[in-house]
Amino acid sequence: MASPFLGEFMGTLVLILLGDGVVANVVLKRSKAEGSGWIVITAGWAFAVMAGVFTAIACGSNDAYLNPAVTLGFAVSSGHFSKFAPYLAAEMLGAFVGAIVMWVHYYPHWRETPDPDLKRACFCTSPAIRNFGANVASEIIGTLTLVVVGGAIFSKAVAATGPAPGVGPYLVAALVWGIGLSLGGTTGYAINPARDFGPRLAHALLPIPNKGISDWTYASFDTTQRTVESAEAADAELF
């Protein structure tokens, strides 16, 4: 049953379940981890990347992109677009389903949490200070860090044959953790259109009590920006 489509779907589902799940664990009322802070969120997202990559590979996707921007970047770089449409569909669907599973897991806590912004934060990103120029700059800097350091990790200058088998996901997870700790506090370092769009759509459609708006105005520029940046990611094996 393993296939590249299934791999991208399952990998992205696990990425979002654990990534959005750690945010919910920290911010939703009456969770045992409530208030545990930013380092828990960034660590949870790092482990979510690691778990998602391993799941994608095990389910049939040796690419394990889990990110439409990275998928597009490699398609542009190679000139082969045959994987782009099925991977895009798998990643978006996986992110959407992963957010729904997370919502089910925390079902009683949505009613216990009065702040609609905290509920939305469990699904998607928003800036700490809403400033278009500064928000775009933060996303660009975070993406460039991901691209440059990710490229260095897999470069022949570091290791002629690349990291030992099975080590790459751990190194990428550590990189994502570092970006979150150092650069994530401005916009939430959401350098993945599936990570933001799929769960935001789930937030819009799910019957969450007093959930407020889904803030599509911010999502529209954020996703567009990250898609444009995908070409820069073409030469780095990031996910």
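Which residues line the second largest cavity?

1. In this predicted model, the second largest cavity is lined by Ser138, Glu139 and Gly142, together with Leu183, Thr186, Thr187, Tyr189 and Ile191. The space inside the second largest cavity comes to about 30 Å³, and a search of the whole structure returns two cavities of 30 Å³ or more.

2. As for where that lining comes from, helix α7, which spans residues 132-153, makes the greatest contribution to the second largest cavity, supplying three residues. Sorted by class, the lining of the second largest cavity holds four polar residues, three nonpolar residues and one charged residue.

3. Several helices take part in the lining of the largest pocket, with α1 (4-27), α2 (38-58), α6 (116-121) and α8 (168-183) each giving at least two residues. The largest share belongs to α2, which provides four residues of that lining.

4. In terms of residue class, the lining of the largest pocket is made up of 21 nonpolar residues, nine polar residues and two charged residues, whereas the lining of the second largest cavity has three nonpolar, four polar and one charged.

Methods:
Residues numbered from 1 in each chain as written. Predicted model: local features only at pLDDT ≥ 70, side-chain atom pairs only at ≥ 80, totals over all residues. Heavy atoms only, no water. 1 Å grid on protein atoms, 1.4 Å probe; cavity = no way out; pocket = protein on both sides within 12 Å on 5 of 7 lines; lining within 4 Å. Points joined across faces, edges and corners; volume = space filled by probe spheres on them. Nonpolar A, V, L, I, M, F, W, Y, C, P; charged D, E, K, R; others polar.
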